[in-house]
Amino acid sequence: MGTEEGWCLLLCLALSGAADTESQWRPVDVVLDCFLVEDGRHRSGFPSNENMAKALLVLRQVPMLDDGSLEGFTDFQGGTKAKDGPPVTFEASVNLVQIPQAEALLHADCSGKEVTCEISRYFLQAREEATTETAVWFITNMQVSEGGPSVSIVMKTLRDADNGAVLNPTLSLPLGPQGTVQTAVEFQVTTQTPSLNFLLGSSATLHCGFSMAPGSDLTSVEWRLQHKGSGQLVYSWTTGQEQVMREGATLEPEQQLTAGNASLTLPRLTVKDEGAYICQISSSLYQAQQIIHLHIQASPKVQLSLASKALPLTLICNIAGYYPLDITVTWIREELGGAPVKVSDASFSSLRQSPAGTYSISSSLKAEPGSAGATYTCQVTHVSLDEPISASTWAAPREQRTMAFEVIFASFFLLALLYLGLQRWQATTAKVCQDSESLWVPTLLPESKKED
């Protein structure tokens, strides 16, 4: 978001026509259109929308890895201000603190994204040095749209108000040679992913990084969860001591923490883990935070069954185990050789929720197969699905169903006759055997006759 027209066009052309050359580091000015919150005391960022004025932020000479795409970029030139230009231009040196997401800020325009930038006064917590400090501090919150990174920086003014110095009329601060308020970035907190979607039961890592100027020490890291109006501590680290309030929650190893990585890992996600996570980093001088929204999802399972065989047929579509609540169920009827048609007279059961927090619901429909029969499909759309899932069944026409019933009835009748015939035959066979034995016994010769 540069001040000179054509910057984005130059960048886009350079990106498309860059030669395959060896990448090198190059310092680049990142220029952002911002809003200045003129009133309010904000210790850790996220100011209100009241009393805002246009402002310009120039991150001076930010190191960028140049693969040829930065050709055509020129350094910011101050001093010449249009009549409708911003009343305040902040020039921020990044020599003391790294800005890891600066490339995303620079390329936002050509990626079709926007950068929201708000600057407000930052007031230090009470300490002895504060009574003698003549500097002024500002905090800037920058957010790239469409899930891009979020960066918060604390800036300290570099110039004192000397006699005869030109002052900015809005802030009454001395201006540098180019008509800018000169500052240095001394603290930054960033996240690569302000919004995350994870499946129920999986593990999630919430990114939170920071860096600070030499002479400032890390004192604490705190992760809190806000959801539906209530808040709770998830994890805290203070000078080597940790407090874990969510089972299994872990911070990066201490060597990573020293390097500026305060990411939090949550294993075995449940519905209760959903919400806004606040990563708050405190140093001996400053404090800033980032908010990461964690959304839990569970994909639905769809089963279509026939609830009643009596005409008209009743179809039941069971949708189970999904989260979050919003879901769309569509019934589609398609005759043989015809086009699919949506059916709108379906009914729904009451909503059910499992102990795990997932939802289930049933949808029923009276099917009218018609003379040729029809295929009925229950289609389900949910945020956890890349594309809708469905289940289908064939509803036979009335004539086929009647014929099938007659065939089944005749089959059962024939089987019954065969069974009865078999029972009668077995009974008759047993009686014949008994009669034969009774006739055989009297015909035996007596013992006296046998001797002759």
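The side chains of R60 and E91 are joined by a salt bridge with an N to O distance of 3.0 Å; the term denotes a side-chain nitrogen of Lys or Arg within 4 Å of a carboxyl oxygen of Asp or Glu. This pair connects distant parts of the chain, R60 lying in strand 2 (residues 52-66) and E91 in strand 3 (residues 88-93), 31 residues apart. Strands (E, at least two residues) and helices (H or I, at least four) are DSSP runs numbered from the N terminus.

The model is predicted: local features need pLDDT of at least 70 and side-chain atom pairs count only at pLDDT 80 or more, whereas totals for chains, interfaces and linings use all residues. Residues are numbered from 1 along each chain as its sequence is written, and side-chain values use heavy atoms, with hydrogens and water left out.

R60 is buried because its relative accessible area is 14%, and E91 is buried because its value is 13%; buried means under 20% relative accessible area, exposed over 50%, and partly exposed in between (1.4 Å probe, protein chains only).

A salt bridge of 2.6 Å, N to O, also joins the side chains of D273 and R246. Here D273 belongs to the loop between strand 15 (264-266) and strand 16 (275-283), and R246 to the loop between strand 13 (241-244) and strand 14 (250-251), so that the pair links distant parts of the chain, 27 residues apart. Both D273 and R246 are buried.

E335 and R333 form a salt bridge whose closest N and O atoms are 3.0 Å apart. With a relative accessible area of 36%, E335 is partly exposed.
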